[in-house]
Amino acid sequence: METKQVMRLGSDYIIPLDIRIISASNADIIAAVQAGTFRRDLFFRINTLRLVLPPLNERPDDILYLFAHFLESFTHRRQPLKRSLKKALIQHDWWGNIRELYSVALRYYIFGDTLDDDYDALFDIPDENRKEALLDTASLQLNMKSLEKTIHQILIKELQEKGYSQKDIAKLLNISRQTIFNKMH
């Protein structure tokens, strides 16, 4: 990348390159560099120009423009958007960003005029019947993987304090001794 040339393996001919590298990430690359999980030299080679795009919810003007653009790409003609559709698009929480907006535009193209100003079918809204059967996430957010890990750690610690060996604990919990070791560290 630095010399802007490449040589094929086994060749003696240098091929000049005129390339640009564009990369994107939704992870914090600087934190990854500091943690040692991303190569520092590579970061400084590709970090020429940074462009930070805010989430779609912070750019309400872009929502209608992008929706119209996606719709036009499906129909090959520009269509005026109904006022009620515009309102529904602006008020929606775009947790899926551009990919979700693209899917909504595609659904609108498929459903067409059958929606009759009720645009709930366009959006990924949780099923209300299922919501009642599950724990209310508005009052308590529960990460099941974290809960399972914590329960295993408590069980392992309690069993170790009572004198059980890692082999005995592994047999009781039906997991490997390596898994017990990993859960404790």
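Modeller: Helices (H or I, at least four residues) and strands (E, at least two) are DSSP runs, numbered from the N terminus. This is a predicted model: local features need pLDDT of at least 70, side-chain atom pairs count only at pLDDT 80 or more, and totals for chains, interfaces and linings use all residues. Residues are numbered from 1 along each chain as its sequence is written, and side-chain values use heavy atoms, with hydrogens and water left out.

Colleague: How many helices and strands does the protein have?

Modeller: Nine helices and two strands. From the N terminus on, the order is β-β-α-α-α-α-α-α-α-α-α.

Colleague: What share of the residues in the protein is buried?

Modeller: Buried means under 20% relative accessible area, exposed over 50%, and partly exposed in between (1.4 Å probe, protein chains only). Here, buried residues are 19% of the 185 in the protein. Accessible areas come from the Shrake-Rupley method with a 1.4 Å probe; for residues, only the protein chains shown count as cover. The protein's accessible surface is about 15300 Å², and carbon and sulfur atoms hold 53% of that.

Colleague: Where is H152, and which residues does H152 touch?

Modeller: H152 sits in helix α7, residues 144-161. Its relative accessibility is 15%, so H152 counts as buried. Contact means heavy atoms within 4.5 Å. Leaving aside residues up to four places away in sequence, H152 touches L173 and K183. For the protein, take contacts with a separation of 6 or more: 44% of them join residues 24 or more positions apart.

Colleague: How do I read a helix pair such as α3 and α5?

Modeller: Two packed helices are described by the angle between their axes and the distance between the axes. Axes are lines fitted to C-alpha atoms, for helices over the stretch in contact, and angles run from 0 to 180 degrees between N-to-C directions. The axes of α3 (60-75) and α5 (residues 97-111) come within 9 Å and cross at roughly 50°. That makes α3 oblique to α5. Angles under 35 degrees count as roughly parallel, over 145 as roughly antiparallel, 65 to 115 as roughly perpendicular, and the rest as oblique.

Colleague: Is the crossing of α3 and α5 left-handed or right-handed?

Modeller: A crossing is left-handed if the near helix is turned anticlockwise from the far one by less than a right angle, and right-handed if clockwise. The crossing of α3 and α5 is right-handed.

Colleague: Which residues of α3 and α5 meet?

Modeller: On the α3 side, I63, L66, F67, F70, L71, F74 and T75. On the α5 side, I98, L101, Y102, V104, A105, L106, Y108 and Y109. By class, this contact has 14 nonpolar, one polar and no charged residues. Ala, Val, Leu, Ile, Met, Phe, Trp, Tyr, Cys and Pro count as nonpolar, Asp, Glu, Lys and Arg as charged, and the others, Gly among them, as polar.

Colleague: Is L101 buried or exposed?

Modeller: L101 is buried, because its relative accessible area is 0%. L101 lies in helix α5. Beyond residues up to four places away in sequence, L101 touches L56, I63, L66, F67, F70 and W94.

Colleague: What is the phi of K4, and of H76?

Modeller: Most residues other than glycine have a negative phi. K4 is not a glycine, yet has a positive phi of about 55°. K4 lies in the segment before β1 (5-7). H76, also not a glycine, has a positive phi of about 65°. H76 is in the loop between α3 and α4 (83-91). H76 is exposed, with a relative accessible area of 71%, whereas K4 is partly exposed at 48%.
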